[in-house]
Amino acid sequence: TKLYNLDQERRLIAQQWREDYIQNEECNMTKDQLLNVIIPWKFGKGKPRNALKPLLQSNKKEDVTRASMLAFNFAESSLADNTNNEDGDVNHAQEAIKALCQLSGVGPATASAVLSAYCPQSFAFMDDEVIECLYEAKRGYTLKIYLAVNGRCVDIAEGLNGASGGSSGGWTPADVAKALWTVATMSARNDEVGLCKVFGD
């Protein structure tokens with residue numbers, strides 16, 4: 001399907017970002033990657049917001065490069081915080097989101113589409129279904145709501161990894177969000193066969 005193909009493209013560019021960072025200690029997203037992979041992937045998972053397209057197109061290539069480079073650096077800092085069991089990762093996650101939100105047409109949800117690809121260990125994607133599952137108040141797309149939802153995904157991932165003895169290849173916040181979205185989508189489509197496979201009934 002189209003979404004599956006976009007998901008594969010998103011994985012490939014995230015892998016390239018990671019390789020670039022390992023080699024050069026810096027990396028960035030291009031405007032082409034934002035417009036032709038990240039945005040179609042995000043729109044494919046939820047409601048397309050075509051009114052944002054002119055704003056997204058208006059960003060200069062160098063602005064996308066600069067904002068994403070800053071965001072990825074903050075994301076790397078969040079990984080270092082996690083490794084050292086420090087309490088600064090929430091601030092670094094916030095700053096990473098804010099860096100991308102400097103771009104026209106980019107809010108916390110779009111920023112999370114980028115960062116959950118680059119750094120799934122620290123960031124979940126802000127799907128509508130994930131907000132509905134984990135945020136008790138009215139659904140919204142603010143930075144405050146994203147940080148609350150992402151924090152829940154982090155906690156759930158840590159709990160699942162603890163229950164499994166912390167084995168390698170464990171859960172990430174991005175995995176948690178993807179699992180919630182998948183089950184919610186199956187339920188909305190009345191996919192009883194798929195749900196039975198998930199829950200073993």
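Here is a friendly note on a predicted model, in a few numbered points.

1. Some ground rules. In this predicted model, local features need pLDDT of at least 70, side-chain atom pairs count only at pLDDT 80 or more, and totals for chains, interfaces and linings use all residues. Residues are numbered from 1 along each chain as its sequence is written, and side-chain values use heavy atoms, leaving out hydrogens and water.

2. Helix 1. Helices here are DSSP runs of H or I with at least four residues, numbered from the N terminus. Helix 1 has 23 residues, which at 1.5 Å a residue should span 33 Å, and this agrees with its end C-alpha atoms being 33 Å apart. The expected span is 1.5 Å times one less than the number of residues. Just after helix 1, E25 has a positive phi of about 60°.

3. T110. This residue sits in helix 6, residues 108-118. T110 is buried, as its relative accessible area is 4%. Beyond its neighbours within four places in sequence, T110 is in contact (heavy atoms within 4.5 Å) with L34, I39, K42 and G105.

4. The lining of the largest pocket. A pocket is an open set of points on a 1 Å grid over the protein atoms alone, with protein on both sides within 12 Å along at least five of seven lines; lining residues have an atom within 4 Å of a point. The lining has 24 residues, with D7, R10, R11, W41 and K178 nearest the centre. Helix 1 gives the most, eight residues.

Definitions and conventions
Helix = DSSP H or I, 4+ residues; strand = E, 2+ residues; numbered from the N terminus. Buried < 20%, exposed > 50% of the residue type's maximum accessible area, 1.4 Å probe, protein only. 1 Å grid on protein atoms, 1.4 Å probe; cavity = no way out; pocket = protein on both sides within 12 Å on 5 of 7 lines; lining within 4 Å.
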